[in-house]
Amino acid sequence: MSEKKKENLEEMFKDLEELIGKMENEEITLEQTFDLYNNGMELLKKCNLSIDEVEKKVLVLDENGETDEF
Amino acid sequence: MNGIYTVKQVNSYIKNMFTQDFMLNRIYVKGEISNCKYHPSGHIYFSLKDESGTIACVMFAGSRAGLSFTLKNGQRVIAFGSVSVYERDGKYQLYAREIKLDGAGELYEKFEALKRELCEMGMFSDEYKQRIPAYVKTVGIVTAQNGAAVRDIINVAKRRNPYVQLILYPALVQGEGAVKSIIRGIRMLEQQGVDVMIVGRGGGSIEELWAFNEEEVARAIFECSVPVISAVGHETDVTIADFVADLRAPTPSAAAELAVYEIRECKKTMSAYEDRIVRAALSQIGLFRTKAERFSMRLKLLHPRHKLYEHRQFTAEMENRIRDIMERRLTQEKHRLALNAERMKRVSPLLKLSSGYSYIRSEEGKNIRSTAQVKRGEKLEIFVSDGKIEAEVHNTETMIHG
């Protein structure tokens, strides 16, 4: 469940928003800036992974719960 | 020529006959709609047909209050109005004032009753509505495999985001077995763990849409743990499924738009985030650089060399001041010396001696100013202008000067 939550784009966007807010407004140390930068880039990478840019074929579900291409 | 009439005369004669006929003035006609056209003026032109033939009909804009649904070809209706002649075409037609769906009355009542019941049970209330996730990975679809609905959904979904996985459960959406099939589809897609589900079908008559008005389907949607978007028929078709679903889409295409996020927008959002992160980092680094530069400036100012220079300069100044003071003091003293020498010269005893006075001193070196100071036989020294005389006291005599 937590794994799934981590991969959720919406959650990650929320985290990014918060992170950028910190970077833009708060008085932070240089180390924190670098940490936040790295975390932000890592999050963006995760976002990209989460999208899984492979075009999907439509699947058809049969009575046995098996899927087949449309 | 007797017995010859104009077209106008014949048409108005026939029209008159129709008008005077009591039955034709208030008549209910049952049939199926065909050739239905909505004229921009608001009038509706259509035909009613049955196995044997057709009758032309018109409903004027002024009578539209008698129609509470959208007329569509194939609908079975009961039209109320009058049959009269349109003289220009020499045609008779039905001027409809009220149109009702045939056989719909019973279904409509059933619909209203169920709607009321489920509403009272709270099945439509907002607190049970699940939010449709903004970014889904898989979308379940319960609809007919060969209908227009599934094509619309696939087209819209693919256009918006080809990376979202669509899983179709091919369901029977009308007729016998439709209810069971729809329910099974919802349950199976729920098991597949899709993120959101579209349940629906294309447009049709109330009978064709009826499965979506059944309580069992409503309950299956209500109980589904996955958010459900209903998409039944056209915008004007409202079913129980629409009320109970987490979100109602007016059409299957609209459902796909609501379920599937646009990949381009998403990418734009992400690159905007990236820009902001980079800009924020650069500006933070910039701030620190300025801070560092300011410190470096201050440090430079505090370098010991500066102190050294300061001390050296101070010493040099002091030296100059001391030198000045000394010089001034020296010249001052020289002046004073000269002055005093001059004054000394004026009061010098030599000057007195040279003008006839002399200076007498005892043997102890005391200046003798009175007779009381000396005794007889005492030796004295007398200084005159060119030397000294040694003398001896013979006698003293005191004189009082007036």
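Which residue is the bridge partner of A:Val60 in β7(B)? I looked this up first, and the partner is B:Leu168.

**Entry 1: ground rules**

I note that this is a predicted model, in which local features need pLDDT of at least 70 and side-chain atom pairs count only at pLDDT 80 or more, while totals for chains, interfaces and linings use all residues. Residues are numbered from 1 along each chain as its sequence is written, and chains are lettered from A and ligands numbered from 1 in the order in which they are written. For the names of elements, I take helices (H or I, at least four residues) and strands (E, at least two) as DSSP runs, numbered from the N terminus.

**Entry 2: where the chains touch**

I looked up the contact between the chains, where two residues are in contact if their C-beta atoms, placed from the backbone, lie within 7 Å. Chain A brings 28 residues to this contact and chain B brings 28 residues. On the side of chain A that touches chain B, the elements giving two or more residues are α2 (9-25), α3 (30-51) and β1 (59-61) of chain A, and α3(A) gives the most, with eight residues. I sorted that side by class (Ala, Val, Leu, Ile, Met, Phe, Trp, Tyr, Cys and Pro count as nonpolar, Asp, Glu, Lys and Arg as charged, and the others, Gly among them, as polar). It has 18 nonpolar, four polar and six charged residues.

**Entry 3: a helix from each chain**

I then followed α3(A) to its partner, helix α9 (residues 263-301) of chain B, and found that the two pack at an angle of about 170° with their axes 10 Å apart. Here axes are lines fitted to C-alpha atoms, for helices over the stretch in contact, and angles run from 0 to 180 degrees between N-to-C directions. α3(A) and α9(B) are therefore roughly antiparallel to each other, a term that applies to angles over 145 degrees. Among the residues that make this contact are A:Tyr37, A:Gly40 and A:Met41 of α3(A), and B:Tyr273, B:Ile277 and B:Phe288 of α9(B). By class, the residues of this contact divide into 11 nonpolar, three polar and one charged.

**Entry 4: a sheet from both chains**

Which strands stand at the edges of the sheet? I first wrote down the order of this open sheet of seven strands, β2(A)-β1(A)-β7(B)-β6(B)-β8(B)-β9(B)-β10(B), whose pairing is mixed. At the edges are β2 (67-69) of chain A and β10 (247-248) of chain B, and each has a single partner strand, so one side of each is left without a neighbour in the sheet. Helix α5(B) packs on the sheet and touches β1 of chain A together with β6 (138-143), β7 and β8 (196-201) of chain B, its direction making about 170° with that of β6(B). Two strands pair if DSSP finds at least two bridges between them, and β1(A) pairs with strand β7 (residues 165-170) of chain B in the parallel sense over two bridges. Strand β9 (residues 228-232) of chain B and β10(B) also run parallel, joined by two bridges, and B:Ser230 stands opposite B:Arg248 in β10(B).

**Entry 5: single residues**

I checked B:Glu190, which has its place in helix α5 (residues 178-192) of chain B. A residue is buried if 20 or more other C-beta atoms lie within 10 Å of its own, exposed if 12 or fewer, and partly exposed in between, with C-beta atoms placed from the backbone. B:Glu190 has 17 C-beta neighbours inside 10 Å and so counts as partly exposed. Leaving aside its neighbours within four places in sequence, B:Glu190 is in contact with B:Cys224, B:Ser225 and B:Val226.

Is A:Asp52 buried or exposed? A:Asp52 counts as exposed because it has 12 C-beta neighbours inside 10 Å. A:Asp52 lies in the loop between α3 and β1 of chain A, and has a positive phi of about 50° although it is not a glycine. B:Asn35, in strand β1 (residues 27-38) of chain B, has a phi near 50°, a positive value in a residue other than glycine.

**Entry 6: chain B as a whole**

I counted up chain B last, and it has 11 helices and 13 strands. Of its 402 residues, buried ones make up 23%.

Definitions and conventions. Parallel < 35°, antiparallel > 145°, perpendicular 65-115°, else oblique.
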